[in-house]
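Trainee: Could we go through this model together? I would like to learn how to read it.

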Amino acid sequence: MRINVVGSGYVGTTLAASLADLGHEVTAIDIDEEIVAALNDGRAPIHEPELDDLVAEHAGDRLRATTSYDDVPEADVTFLAIQTPSREDGSIDTGALCAAAEMTGEALAEGSDRHLVVVKSTVAPPSLPEVADALEKGLGEALAGDGGNRVAFGANPEFLREGTAVSDFREPDKLVFGTTVEWAAELLDDVYAPLLAEHDAPIVRTDPATAMMIKYANNAFLAAKVSLINDLGNVCKEFGVDTYEVAEAIGLDDRIGERFLRSGLGWGGSCFPKDTNALITAAEATGYVPAILNAAVEVNDRQPERLVDLLQDEVDLAGARIAVLGLAFKPGTDDVRNSRAIPVIEALQKRGAAVVAYDPVATENMREHFPDLEYADSATDALTGADGAAVVTDWDEFAALDSEFDAMADPVVVDGRRVIERREGLTYEGLTW
């Protein structure tokens, strides 16, 4: 099949490269000429395991990139994978997505074959009609109200985790197809047929709004689960009980499950915060206040301050040199959006600490938030001479640290991810255990 993917961020690049790997002819469309050039040169514009290899393998063959919408009508399907950032009130901004939908419609107005336009971006159900309207506006009077006879509209939300996005695409827990047009559903079947031949996954067939609600509900549930285990972890710490031992036991109950029961600093990134806040905002606009979701956000926002409180209990932070290990919101990515490191650093600086930070891959991205911060070239350099350390991201290399702590002026570690081994000579505090 011939497929377009509009937008080359985390979702768009992973989708385009993975679809090419399935054997489809894929055109990536992006307004950024540097991103287009990188893709055509065989370089992924983002840091994501396995993605560089896929882009390098298929660029110039089944994967090409362009800034033009001219060839859109030649394809069978166009996926819209444009970012939908949060506004200050928590709602999502669909402006860029609607602009892309309108330009896609304008290109399709010149075509004659059937074409499916699929929203891959995360869009709250009340905002989805805005995207459909933008597509119809681009299609013009000739196809407005066509009812999907030639151009159909659908939704196919993604469930990719940064750091494992390629493997998540290849081995999905589920595929969600949102469309009300029969031939459009058949096209989505054809898109994913090569994947399903290798990996059996259930397909959920529904309408576009329900498909997007499934995406939001999925992320909101997981976010709430993480906040609940963190809240329980905070209680366990007050009781002197090991949260992880408790979590291991309750995870044996199949109604609860063992996944997402690692208590610690909480969730960040581009999905959980944005999606949870967007769902809360959309719900409250109807007059309903989702109390549990609000509580999940409150617990998550509180965890970084609790880590700094624990560090303050051991170290006078005013004038102290504090090493912050980990800047990416999770290991395996250079993404610092909503990283727990940001509020940790801000709280340390507010209390007068001098922060030296280290991350294996995310330093340059964090410089945009803290251009004047001291950044170390290694964990060893960050720890040397430090009066205390905060572990924020659970990179494997941090779990291997041992004698490096001996170079600290005062070997005090507050571990937000339970990756450091307790030992003699090290003052160790876990965040929730």
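Mentor: We shall look at a proline, some helices and several salt bridges in turn.
Mentor: This is a predicted model, in which local features need pLDDT of at least 70 and side-chain atom pairs count only at pLDDT 80 or more, while totals for chains, interfaces and linings use all residues. Residues are numbered from 1 along each chain as its sequence is written, and side-chain values use heavy atoms, with hydrogens and water left out.

Trainee: Where is Pro 172?
Mentor: Pro 172 sits in the loop between helix 6 (165-170) and strand 7 (175-178). Helices (H or I, at least four residues) and strands (E, at least two) are DSSP runs, numbered from the N terminus.

Trainee: Is Pro 172 buried or exposed?
Mentor: Pro 172 counts as buried, at 10% relative accessibility. Buried means under 20% relative accessible area, exposed means over 50%, and partly exposed lies in between, with a 1.4 Å probe and protein chains only.

Trainee: Which residues does Pro 172 touch?
Mentor: Leaving aside residues up to four places away in sequence, Pro 172 touches Leu 195, His 199 and Ala 201. Contact means heavy atoms within 4.5 Å.

Trainee: Where does helix 7 bend?
Mentor: Helix 7 bends by about 55° at Tyr 192, and a proline, Pro 194, follows within four residues. The bend at a residue is the angle between axes fitted to the seven residues ending there and the seven starting there.

Trainee: A change of topic. How many salt bridges are there?
Mentor: The count comes to 23 salt bridges. A salt bridge is a side-chain nitrogen of Lys or Arg within 4 Å of a carboxyl oxygen of Asp or Glu.

Trainee: What does Glu 102 pair with?
Mentor: Glu 102 meets Lys 137 in a salt bridge, at 4.0 Å from N to O. Glu 102 lies in helix 4 (residues 95-108) and Lys 137 in helix 5 (residues 128-139), so the pair ties together parts that are 35 residues apart in sequence. Glu 102 is partly exposed, with a relative accessible area of 22%, whereas Lys 137 counts as exposed at 59%.

Trainee: And what does Arg 337 pair with?
Mentor: The side chain of Arg 337 forms a salt bridge with that of Glu 162 (3.5 Å, N to O). Arg 337 lies in the loop between strand 9 (321-325) and helix 12 (341-350), and Glu 162 in the loop between strand 6 (151-155) and helix 6, so the pair ties together parts that are 175 residues apart in sequence. Arg 337 also forms a salt bridge with Asp 335, the closest N and O atoms being 2.8 Å apart. Asp 335 is buried, with a relative accessible area of 4%.

Trainee: Lastly, where is Ser 227, and what does Ser 227 touch?
Mentor: Ser 227 belongs to helix 8 (residues 208-239) and is buried, with a relative accessible area of 3%. Not counting residues up to four places away in sequence, Ser 227 touches Trp 267, Ala 296, Val 299 and Asn 300.
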